[in-house]
Every structure is written in C-alpha cells, then in structure tokens.
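Biologist: Could you walk me through this one slowly, please, and spell out the terms as you go?

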Amino acid sequence: MRLIITNSYEQMGFEAANIVAGQIYLKPDSVLGLATGSTPVSMYERLVAVHRTVGLDFSEVTTFNLDEYIGMGSDNPQSYHYFMQDKFFRHINIKPENVHLPDGMAEDMEAEGERYEKLIAAKGGIDLQVLGIGQNAHIGFNEPDVKFAATTHKVELDEETIMANSRFFNHADEVPRYAISMGIKTIMMAGHVILLANGRNKAKAVYKALCGDVTPEAPASILQLHRDVVVIVDREAAEMLPSEIRGVTIARKG
Ligand code: PGA
C-alpha cells in the first residue's frame with residue numbers, strides 16, 4: 001500500500017485524477033471501476049478539467065460503477081446512474097455504450113449480478129478501481145460482516161449507511177434499504193486500486209482499513225491483501241494513523 005496525505009479535499013481529488021489520467025495515457029482503452037458519493041466529486045471535477053484543457057481522451061475507456069440502489073431507474077435524480085451522468089459522463093467524450101452500472105430495476109438481482117460479472121470479464125477485467133469508504137469501513141455497498149468471496153450481489157444496507165446517505169434525501173425513510181453492489185472479490189480482482197477518504201468522520205474507518213485486522217467486520221481491511229493499492233486521504237481522515245505510517249508517506253501541498 002502506498003499512502004498519500006494531502007492538505008485538502010481538492011488536492012485529494014487532484015492526486016486521484018493524476019493516477020486515473022496516467023492510467024488512460026498508458027492504456028487508452030482502460031477499464032475503470034468508479035465510485036459515487038461526495039468523496040470522488042473533486043476527482044471527477046479535475047478529470048473533466050484535464051479533458052477540457054489538454055484533451056484527456058475517454059473515447060476508448062470503459063467504466064463499471066460499484067453499485068446502484070435497488071428500485072431506482074436511471075432518470076431518478078437520487079440514482080447513481082443519474083449522479084454519474086451529472087458529475088462526470090456528460091462532461092467528457094466517453095461513449096454511452098462503454099458506461100456500465102448495475103441495473104437497480106432488474107427483476108432478478110442474482111441474474112443481474114451474473115450479467116455484470118460476465119460483462120466485466122468480457123472487457124478483460126478492471127484495470128483501475130476507485131473506491132470511497134463508509135464510516136463503517138464499507139467499500140462499494142459491502143457492509144460489515146461481508147462475505148469476502150462475494151461477487152456482484154444484492155445487499156441490505158446498514159443502518160449507519162442509511163443514516164449517512166440520508167443527507168442526500170429529504171428524509172431517512174426515503175433512502176432505499178437495498179442495493180446491488182460489486183462484491184469484495186470483484187474489487188480485489190482489479191489490477192490497481194485507489195482508496196479515497198476525506199474528513200474526520202472517516203478517520204476511524206481509514207485506521208481500520210490500513211492498520212486493523214483483516215476482518216469481514218471492516219470490509220476495507222481486505223485491501224491490505226491487494227498487491228497494488230494507493231490510499232489518498234486528507235489530513236483529517238489520516239488523523240488516527242500512527243506516526244510511523246504517516247512518517248513514510250508523501251505529504252502533498254494544497
Ligand atoms: P461518501 O460515501 O463519499 O458520500 O462519504 C462513501 C461511501 O459510502 O463509500
């Protein structure tokens with residue numbers, strides 16, 4: 001694992017965007033795994049700026065998102081389909097047919113999970129997976145007590161996740177209770193992983209992910225066993241990391 005601690009949320013997104021852009025320059029037909037939520041927004045903004053200013057080319061890129069709420073169609077403003085169009089896809093030159101998210105409206109979620117996994121495999125697997133982390137150390141919607149061997153599947157959201165995500169809704173009752181998410185196995189099969197976190201409310205989860213036991217109770221802890229992970233966090237999210245770890249990090253200005 002490599003750790004980059006930045007001074008700001010914007011700088012965290014800048015560093016992440018550099019890695020994503022580098023991946024695309026090296027392999028123009030890269031397969032990217034993407035995340036939603038507040039965390040990656042500054043990364044998307046920076047990638048859009050790089051596309052606009054120096055022409056970073058997404059025309060051969062394929063994307064697979066981590067998850068989607070069950071029962072939400074792509075035209076629902078709360079859906080992750082909508083979020084991705086709004087924050088990223090409509091601002092770049094990606095081909096619509098190269099964009100993939102799990103279908104939260106599928107009738108049979110088991111079949112949808114299998115379809116998604118087959119599609120990822122057919123594209124040659126994910127080259128670079130971007131992850132946020134939940135306050136409960138979830139990645140994607142893989143909640144505590146996750147099965148490490150799971151691939152894309154239906155999940156029941158934790159109460160903590162529902163409360164955390166209720167900030168995007170009028171009321172906690174409106175947050176869907178179920179989602180379809182890539183599994184830990186899907187994530188661990190990616191060639192490279194970037195884990196992003198900002199803010200003090202993520203410090204404990206970041207500590208568990210990097211320094212805790214590898215346990216299904218802290219799903220992100222499995223990343224300790226991945227061979228190529230870059231963790232990019234702001235100072236607040238790094239707050240609980242022991243100094244010996246912080247000492248070997250690359251601290252960036254910004
Ligand atoms: P957030 O969500 O970026 O909105 O904090 C991250 C996550 O739950 O994985």
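Biologist: Leaving aside neighbours within four places in sequence, which residues is threonine 215 in contact with?

Modeller: Threonine 215 is in contact with Phe148 and Ser221, where contact means heavy atoms within 4.5 Å. This is a predicted model, in which local features need pLDDT of at least 70 and side-chain atom pairs count only at pLDDT 80 or more, while totals for chains, interfaces and linings use all residues. Residues are numbered from 1 along each chain as its sequence is written, and side-chain values use heavy atoms, with hydrogens and water left out.

Biologist: And where is threonine 215 placed?

Modeller: Threonine 215 is in the loop between helix H7 (203–211) and strand E10 (229–234); helices (H or I, at least four residues) and strands (E, at least two) are DSSP runs, numbered from the N terminus.

Biologist: Why does threonine 215 count as buried?

Modeller: Its relative accessibility is 18%, so threonine 215 counts as buried, given that buried means under 20% relative accessible area, exposed over 50% and partly exposed in between, with a 1.4 Å probe and protein chains only.

Biologist: New topic: how many aromatic pairs does the structure hold?

Modeller: The structure holds eight aromatic pairs. Rings of Phe, Tyr and Trp (its six-membered ring) pair if their centres lie within 6.5 Å, and planes under 30 degrees apart count as stacked, over 60 as edge-to-face and the rest as tilted. One of the pairs is phenylalanine 64 with tyrosine 116, whose ring centres are 5.5 Å apart with the planes at 80°, so this pair is edge-to-face.

Biologist: Where in the chain are those two?

Modeller: Phenylalanine 64 is in strand E3 (residues 62–65) and tyrosine 116 in helix H4 (residues 109–122), so the pair links distant parts of the chain, 52 residues apart. Both phenylalanine 64 and tyrosine 116 are buried.

Biologist: What about tyrosine 69 and phenylalanine 169?

Modeller: Tyrosine 69 and phenylalanine 169 also form an edge-to-face pair, with 6.0 Å from centre to centre and 75° between the planes. Tyrosine 69 lies in strand E4 (residues 67–69) and phenylalanine 169 in the loop between helix H5 (159–165) and strand E8 (178–181), so the pair ties together parts that are 100 residues apart in sequence.

Biologist: Last one: which residues of helix H3 are buried?

Modeller: In helix H3 (residues 80–87), Tyr80, His81, Phe83 and Met84 are buried. Seen down the axis of H3, its buried residues fall within an arc of 165°, so they line one face of the helix; the arc is that of the directions from the helix axis to the C-beta atoms. What covers the buried residues of H3 includes strand E2 (31–34) and helix H2 (41–54).
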